[in-house]
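Colleague: I am new to this one. Let me ask how you know what you say about it.

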Amino acid sequence: MKEILPGIYQITVPLPGFYPDTVNSYLLKSGNGYFLIDTPWDTPVCVRSFEEQLQQGDISFSDIKNIIITHGHTDHLGMLSRLKSEYDIKVFMHKADLEFLRSEFMGSESFISETDEYLSQHGVPKEALPLPEVNLPSSGNLKSIECDNPLQGGDEISGTSWLLRVIDT
């Protein structure tokens with residue numbers, strides 16, 4: 001865990017089987033707890049790395065009070081179901097990403113093949129697509145995620161010493 005600004009920490013967690021082979025989450029200190037921006041995958045190696053880095057800062061999962069999901073890709077929300085169900089954590093997510101997660105596309109068994117087909121149709125070479133044996137790990141059913149704070153462009157989230165503004169892209 002690396003403090004990049006006072007009270008703002010970068011946590012780099014392995015992303016096995018993909019390039020790049022890591023993904024970043026961020027902790028932002030706020031009042032009596034932390035906001036977590038994006039969660040790592042829910043695999044033993046990712047959870048262990050994430051937890052070890054939190055412990056370096058004397059932080060536990062229960063210190064995380066809010067999660068902000070920047071976008072609906074599985075490498076940014078893998079532990080969301082676990083953290084939401086095991087701790088009293090509030091979730092912030094863009095309304096469009098919430099709709100995406102609740103769609104049949106996200107919950108279907110053919111997620112990888114549908115994604116590969118979409119990427120191929122848009123010019124991604126076959127050799128750059130994920131290997132078939134790579135699973136997209138996440139805990140629980142992402143379609144059932146409850147979003148406590150649906151976001152849209154222009155919304156703001158503020159902490160003790162920081163302010164985030166939602167931008168539609």
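Colleague: What makes you call strand β4 mostly covered?

Modeller: A residue counts as buried when its relative accessible area is under 20%. In β4, residues 33–37, five of five residues are buried. This is a predicted model, by the way.

Colleague: How confident is the predictor about β4?

Modeller: Confidence runs from 0 to 100. Among the elements of the protein, β4 has the highest mean pLDDT, 96. Helix α4, residues 104–107, has the lowest, 50. Where pLDDT is low, predicted coordinates should not be read in detail. For the protein, the mean is 84, and 84% of its residues reach 70 or more.

Colleague: How do you know that β3 and β4 pair?

Modeller: Pairing takes at least two bridges between the strands. Strand β3, residues 22–30, and β4 have five bridges, so they pair. The sense is antiparallel. Y26 stands opposite I37 in β4. The two strands form a hairpin with two residues between them. G31 in that turn has a positive phi of about 55°.

Colleague: Which way do β4 and β5 run, parallel or antiparallel?

Modeller: They run parallel, joined by four bridges. I37 has I68 in β5 as its bridge partner. Between the two strands, the chain crosses through helix α1, residues 44–56.

Colleague: Why is that crossover called right-handed?

Modeller: Point the strands away from the viewer and follow the path from the first strand over the helix to the second; a clockwise run is right-handed. The β-α-β crossover from β4 through α1 to β5 is right-handed, so its path runs clockwise in that view.

Colleague: Why is N66 called buried?

Modeller: The cut-off is under 20%. N66 has a relative accessible area of 13%, so it is buried. This residue lies in strand β5, residues 64–69. Leaving aside neighbours within four places in sequence, N66 is in contact with Y34, F35, L36, I89, K90 and F92.

Colleague: And why is A128 called exposed?

Modeller: Exposed means over 50%. A128 has a relative accessible area of 54%, so it is exposed. The residue is found in the loop between α5 and β7. A128 and D116 are twelve residues apart in sequence and 9.7 Å apart in space, C-alpha to C-alpha.

Colleague: Which residues touch the most other members of the largest nonpolar core?

Modeller: L27, F50, I64 and M93 do, out of 29 residues in that core. α1 gives the most to it, with four residues. Leaving aside neighbours within four places in sequence, I64 is in contact with L27, Y34, L36, F50, L54 and I89. Another core, of ten residues, lies apart from the largest one. Among its residues are L28, F92, I157 and W162. In soluble globular proteins, nonpolar side chains tend to be buried together.

Colleague: How many disulfides are there?

Modeller: A search of the whole structure finds zero.

Colleague: Are C46 and C147 buried or exposed?

Modeller: C46 has a relative accessible area of 0%, so it is buried. C147 has 13%, so it is buried too.

Colleague: What makes β1 and β2 a pair?

Modeller: Three bridges join strand β1, residues 2–5, to β2, and at least two are needed, so they pair. They run antiparallel. K2 has Q10 in β2 as its bridge partner. G7, in the turn of their hairpin, has a positive phi of about 80°.

Technical notes: Residues are numbered from 1 along each chain as its sequence is written. Side-chain values use heavy atoms; hydrogens and water are left out. Buried means under 20% relative accessible area, exposed over 50%, partly exposed in between (1.4 Å probe, protein chains only). Contact means heavy atoms within 4.5 Å. A nonpolar core is a set of buried Ala, Val, Leu, Ile, Met, Phe, Trp, Tyr and Cys residues joined through side-chain atoms within 4.5 Å. A disulfide is a pair of cysteine sulfur atoms within 2.5 Å.
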